Amino acid sequence: MEKLNLFQIEQQYMVLAASIIDNGGECSDEQIEALQINKTDLETKARSYGYVVLDLESEVKQIDAQIKRLSAMKSARNKTIDRLKETVSNAMQLFEISEVKTATLKINFRKSESVEIDNLDLLDATYKVEKVSVTANKVKIKEDIKTGISVTGAILQVNNNLQIK
């Protein structure tokens with residue numbers, strides 16, 4: 001009887017998680033209240049939440065795999081598009097044809113201009129823009145703080161990351 005009850009509780013939290021997902025990951029006040037854990041139901045809710053988290057992590061892995069698969073499909077199609085366009089363009093230029101026109105399709109060349117830089121060092125300074133990017137060396141900062149060196153503007157924060165396996 002207890003297992004069925006725990007199963008029903010876990011199903012309730014799966015439904016709750018699904019409604020939060022449907023809302024873009026945002027919780028309503030009612031959902032926040034339903035998610036609250038008090039001391040008496042900590043073990044039951046923690047276990048249920050743990051199973052929901054594992055299920056959602058599994059879904060995320062599947063979504064990542066699909067994104068990778070779809071990205072590969074997109075890349076293959078884009079390469080094919082580029083190859084077909086290049087082949088048609090080369091043939092049209094070779095045979096000095098500026099336009100191919102049918103009842104449903106028109107292929108022609110459009111003129112455009114672009115600036116190509118042969119040698120940046122030879123350009124006058126008025127034609128150059130310097131971009132500078134500054135980031136913190138967090139590895140060095142962490143090492144220094146751990147060895148006792150005070151680093152103004154940075155602290156070493158200790159986090160407790162919940163792990164569910």
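How many helices and strands are there in the protein? The protein has 4 helices and 2 strands; helices (H or I, at least four residues) and strands (E, at least two) are DSSP runs, numbered from the N terminus. Along the sequence the pattern reads α-α-α-β-β-α. The model is predicted, with pLDDT of at least 70 needed for local features and 80 or more for side-chain atom pairs, while totals for chains, interfaces and linings use all residues. Residues are numbered from 1 along each chain as its sequence is written, and side-chain values use heavy atoms, leaving out hydrogens and water.

The overall dimensions were examined next. The radius of gyration of the protein is 30 Å, whereas a compact globule of 165 residues would have a value near 15 Å. This radius is taken over C-alpha atoms, and the globule rule is 2.2 Å times the number of residues to the power 0.38. Along the principal axes, the C-alpha atoms fill a box of roughly 80 × 60 × 30 Å. Of the 165 residues, 10% are buried. Buried denotes under 20% relative accessible area, exposed over 50%, and partly exposed the range in between (1.4 Å probe, protein chains only). Among contacts (heavy atoms within 4.5 Å) with a separation of 6 or more, 31% join residues 24 or more positions apart.

Helix α3 has 53 residues. From its first C-alpha to its last, α3 reaches 76 Å, close to the 78 Å expected at 1.5 Å a residue. The expected span is 1.5 Å times one less than the number of residues. The buried residues of α3 are Lys45, Ser48, Tyr49, Gly50, Val52, Ser89 and Met92.

The largest nonpolar core comprises 7 residues: Ile9, Tyr13, Leu16, Ala17, Ile20, Tyr49 and Val52. Such a core is a set of buried Ala, Val, Leu, Ile, Met, Phe, Trp, Tyr and Cys residues joined through side-chain atoms within 4.5 Å. Two or more residues come from each of α1 and α3. Helix α1 gives the most, with 5 residues. Leu16 of this core is in contact with Gln31, Ala34 and Leu35, neighbours within four places in sequence aside. An α-helix has 3.6 residues a turn, so residues three or four places apart point the same way.

The count of aromatic pairs is 1. Tyr13 and Tyr49 form this pair, which is edge-to-face, at 5.0 Å centre to centre and 80° between the planes. Tyr13 lies in α1 (residues 2–22) and Tyr49 in α3, so the pair ties together parts that are 36 residues apart in sequence. Rings of Phe, Tyr and Trp (its six-membered ring) pair if their centres lie within 6.5 Å; planes under 30 degrees apart count as stacked, over 60 as edge-to-face and the rest as tilted. Both Tyr13 and Tyr49 are buried.

Lys45 is found in helix α3. Its relative accessibility is 10%, so Lys45 counts as buried. A polar atom of the Lys45 side chain lies 3.2 Å from the backbone oxygen of Ala34. Neighbours within four places in sequence aside, Lys45 is in contact with Tyr13, Ala34, Leu35, Gln36 and Ile37.

Beyond the helix, α3 is followed by Glu96. Glu96 is found in the loop between α3 (42–94) and β1 (99–101). Phi of Glu96 is near 55°, a positive value in a residue other than glycine. Glu96 is exposed, with a relative accessible area of 73%.

Conventions: A polar contact is a pair of N or O atoms within 3.5 Å; within protein, one must be able to donate a hydrogen and the other to accept it, and residues adjacent in sequence count only if both atoms are side-chain atoms.
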